[in-house]
Amino acid sequence: MTHGTGGTERRTVPDGLPVSIADVEEAARRIAGVVVPTPVLRADALDAAVGARVHLKAENLQRGGSFKLRGATNLLASLTDDERARGIVAYSSGNHARGVAIAARTLGIDAVVVMPHDAPPEKVAAVGAEGATIVGYDRYTEDRAAIAASIATRDGRTVVPPFDDPRIMAGQGTVALELAEQVERLDVLVVCLGGGGLLSGCAVVAADRWPGVRIIGVEPDAGDDHRRSRAAGHRVAVAVPRTIADGQATTMPGEHTWAVNGALVDEFVSVSDTAIVEAMRFVFDELNVVAEPSGASALAALLSGVVTVPVGARVGVTLSGGNVSVSRFARLLGETP
């Protein structure tokens, strides 16, 4: 694996990874017409603050408000007719749930979604509005994957996990595939990181499209399971993170996502909730767009100095979601002067 900052040496990609560039390219063809292309945003103030040329991939403007529609659509579109007829069950704190619900409605598949009782109400309401049946649980005392598995066994449904499935990962990787068509070259790619589905798919694309690119995953301080896993040399579990970044409140890297991210990602870093709020404020003030906490974490790493880049470097950053209510957005930004 290279650790460059924009050289021409091609990264060594191990054989046998769960997702290939061909898988991502096939996912792009499969989800076309359901997923919309999202823009790349630029701001002089951002370039000045970071000392580089920053390209924000605005997945907060995706249908459903996040990148999650990409992976969900890829998996659901790959199901057999029999699997579609029996329906699906997913589990998520919000954005994956909404992506699954939209994809299921679009493809005519019955959906059940397991969501925590403390998920943001606006996300729960949005999932229900798409026609999915919601099953609640306590994220601190119950196992959401076990609940979904039980429902799948009982009803014959297909489980649609939020990140640890090669079809989900390939679908999320279309974010970077699209970015590669919009930006000729990148020296650094900074990606929001929860379970690792977005990062793993994007890392596969980055390794293929941008030789020598430095790939960085960003997670909240309270949920730094990837950073701990890198230090330990194997997957490490943490307690359920208590963070404003609810979409990144995962406890352990996925088996499939870690196989990719452990091999291709140069660095895992974490950011504070305070830094995330400041990034939300920045994109609202300078670009007139709304990012939810999880969606702003990658930018927070740059703005807070947790990630530093060479002067003039070409940097890609994911704004991975924008699903936050007006009241919560105002409350969060009001906490920091």
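**Reading helix packing, sheet and cores**

Q: At what angle do α12 and helix α14 (residues 326-334) pack, and how far apart are their axes?
A: In this predicted model, α12 and α14 pack at an angle of about 115 degrees, and their axes are 9 Å apart. Angles of 65 to 115 degrees count as roughly perpendicular, and α12 and α14 therefore fall into that class.

Q: Which hand does the crossing of α12 and α14 have, and which residues of the two helices meet?
A: The crossing is left-handed. From α12, the residues V277, M280, R281 and F284 meet F329, L332 and L333 of α14.

Q: How should I read the sheet, and in what order do its strands stand?
A: Strands of a sheet pair through backbone hydrogen bonds, in either a parallel or an antiparallel sense. Here 6 strands form an open sheet with mixed pairing, in the order β1-β2-β10-β7-β8-β9. The edges are held by β1 (40-41) and β9 (267-271); each has a single partner strand, so one side of each is left without a neighbour in the sheet.

Q: Which strand pairs are parallel or antiparallel, and over how many bridges?
A: β1 and β2 are antiparallel, with 2 bridges, and L41 stands opposite L56 in β2. β2 and β10 are parallel, with 6 bridges; A58 has L319 in β10 as its bridge partner. β7 (residues 188-192) and β8 (residues 214-220) also run parallel, joined by 5 bridges, and there V191 stands opposite G217 in β8.

Q: Is β2 largely enclosed or left open by the rest of the structure?
A: Buried means under 20% relative accessible area. For β2, 5 of the 6 residues are buried, so the strand is largely enclosed by the rest of the structure.

Q: Which residues of the largest nonpolar core touch the most other members?
A: That core has 43 residues, and L56, V309, V315 and V317 touch the most other members. α12 supplies the largest share, 8 residues. Beyond its neighbours within four places in sequence, V309 is in contact with V50, A52, V188, R214, L302 and V315. Another core, of 34 residues, lies apart from the largest one; M169, V175, W258 and V260 are among its members.

How values were computed:
Residues are numbered from 1 along each chain as its sequence is written. This is a predicted model: local features need pLDDT of at least 70, side-chain atom pairs count only at pLDDT 80 or more; totals for chains, interfaces and linings use all residues. Side-chain values use heavy atoms; hydrogens and water are left out. Two strands pair if DSSP finds at least two bridges between them. Helices (H or I, at least four residues) and strands (E, at least two) are DSSP runs, numbered from the N terminus. A nonpolar core is a set of buried Ala, Val, Leu, Ile, Met, Phe, Trp, Tyr and Cys residues joined through side-chain atoms within 4.5 Å. Buried means under 20% relative accessible area, exposed over 50%, partly exposed in between (1.4 Å probe, protein chains only). Contact means heavy atoms within 4.5 Å. Axes are lines fitted to C-alpha atoms, for helices over the stretch in contact, and angles run from 0 to 180 degrees between N-to-C directions. Angles under 35 degrees count as roughly parallel, over 145 as roughly antiparallel, 65 to 115 as roughly perpendicular and the rest as oblique. A crossing is left-handed if the near helix is turned anticlockwise from the far one by less than a right angle, and right-handed if clockwise.
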